[in-house]
Amino acid sequence: MNSDDLKKQFNLIYQSQSDAVLRFCLMRVSSREEAVDLTEEVFTRLWQTLISGKKLDNARAFIFTVARHLIIDWYRKKKSIPFEELEDKETGEAYDPVDEKALQNIEISAEGRFLIEAVSKLSPTYRQAVYLRFVEDLSPGEIGEVLGVSANAVSVRINRGVEELRKITGYDDLPNNILTT
Amino acid sequence: MSHKFSKGIEEIKKIGLSSSEKSAMLSRIFENASAVTGSEPRFVKSFWLQNIFVGHQFRPALALALVFVLGGSGLIFGSNQALPGDALYSIKVNVAEPLLGSFRFSGEAKANWQITLATKRLAEAGALTKQGRLDESKQIKIEQLLAEHATALESDLKIMEAKDSQSDSFKSEDRVVKQTSEPAPTLMMMSAAQIETEPINKNSKTEAIKLDFESKMNSGANFLESISNEKSGTTSNEVFNISQKARESGNKINKDWGDRNNEKDEINDKEADDTRNESIRIF
């Protein structure tokens, strides 16, 4: 594939996914500028990967995986928190932290803010899966790639997360079965 | 049944980059990536080089001109894509890069140039890894150059800082002149205000440059390791050593600078105390 084709391929992914990556970062870091910087870094890595000749099976899963790792790195650097504290104590897997100022600086309507805050209150294990499924429309398989777990485990997390979210929000239009959404 | 959940999701999905942010970011990504990987082909067949020997009567003069062009600038710029171990590499690092660096005049531009060069060294290590040509001697060469860039960067930063403090000393001379001609209470307020505000702005540029260096060294090292992992499924010793060196250089410059600034802050504090005591005495 020549350079122009690669640029076209990259551009398609960039135009369709850059907003999603920005949102993903914005929910976790303390300012919009930092979220924009992280988004730029994610797509720089994507471009470097494409021009290095590597084939990507699933670009969406790739960029969210990179974004997730960059956020963890960002958090460790800013907060000097030992790596062990960024791991889920039960499963040992790393999960994304959320900066305490992250949600305050997002400009959004009341309904959106209420839902973001409700999602951020979910158990860390369910939070990512629920967010990626319903806001970014990733399939359980894709979310599994991002989080490094199986699609089945993701489905379980989403279902349990939805139950928690229903209790927190009191909303009655939450999906009962994730496969119907 | 209400639709609050769907409405909330729709609202969240409205968050995004503005179109100007998107296009600016896109052009930065292409620029950065080509600076790091040097992947864009630079050579284009020149019309002039293809047709220059047509006129026989101009042959000697053109040949002579070509010798200069190819022997001089052509060789220098042709060496841009050379990697350690290539014949043109020493021309690249010993002639071409210092020459291009000499066009950077401000301390900030010089410092940024060293960061660009250090990043290039990591990109070269990446290219060698990809081609399976990174051996111990090339690793040592790259490490040595990285150390040289870090040292040069440090001295550029010192020069920047020295210039800053020179302009500060002019300010304090002004301050002394004013102290003798203005009433003491105003003086005390003024010097206290200066003491509090000056050190905050003074090193913001050098601070930004060294953070930029650290972050580029870290991301370059990560990228290098990912190339090695992709190529051989593991991080080779050579790649590991270079990545370590890069990260160390990035961390070291911040640490050393932090120590120096602490010392400097102590000196500043002492000077501030002296000025304050002086003001009190005058008062």
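## Exercises on a two-chain contact

A:Asn58 touches A:Glu142 and A:Glu145, leaving aside residues up to four places away in sequence; contact here means heavy atoms within 4.5 Å. This is a predicted model, in which local features need pLDDT of at least 70 and side-chain atom pairs count only at pLDDT 80 or more, while totals for chains, interfaces and linings use all residues. Residues are numbered from 1 along each chain as its sequence is written, chains are lettered from A and ligands numbered from 1 in the order in which they are written, and side-chain values use heavy atoms, with hydrogens and water left out.

### Exercise 1: a loop residue

Find where A:Asn58 lies and which backbone nitrogen its side chain reaches.

Solution. Start with the place: A:Asn58 lies in the loop between helix H2 (32-51) and helix H3 (59-79) of chain A. Helices (H or I, at least four residues) and strands (E, at least two) are DSSP runs, numbered from the N terminus. Next, follow the side chain of A:Asn58, which reaches the backbone nitrogen of A:Arg60 at 3.1 Å.

### Exercise 2: the contact between the chains

Describe what chain B brings to its contact with chain A.

Solution. First, count: 36 residues come from chain B and 43 residues from chain A. Second, take the area: about 3600 Å² is buried between chain B and chain A, and carbon and sulfur atoms give 63% of it. Buried area is the accessible area (1.4 Å probe) that two parts lose on being put together, summed over both. In chain B, the residues that lose the most area to chain A are B:Phe5, B:Ile12 and B:Ile15, together 20% of what that side buries.

Third, look at the polar side: there are eleven residue pairs in polar contact between chain B and chain A, both residues at pLDDT 80 or more. A polar contact is a pair of N or O atoms within 3.5 Å; within protein, one must be able to donate a hydrogen and the other to accept it, and residues adjacent in sequence count only if both atoms are side-chain atoms. H2(B) gives the most, with eleven residues.

### Exercise 3: a salt bridge

Explain why the salt bridge of B:Lys22 and A:Asp19 joins two chains.

Solution. Begin with the distance: the closest N and O atoms of B:Lys22 and A:Asp19 are 3.5 Å apart. A salt bridge is a side-chain nitrogen of Lys or Arg within 4 Å of a carboxyl oxygen of Asp or Glu. B:Lys22 lies in helix H2 of chain B and A:Asp19 in helix H1 (residues 3-26) of chain A, so the pair joins two chains. Between chain B and chain A the count is five salt bridges; over all chains, the structure holds 20.

### Exercise 4: helix length and confidence

Solution. Just after H9(B), B:Gly233 takes a positive phi of about 80°.

pLDDT is the predictor's confidence in each residue, from 0 to 100. Among the elements of chain B, helix H8 (residues 184-202) has the lowest mean pLDDT (46) and H6(B) the highest (90). For the complex, the predictor gives an ipTM of 0.82 and a pTM of 0.46.
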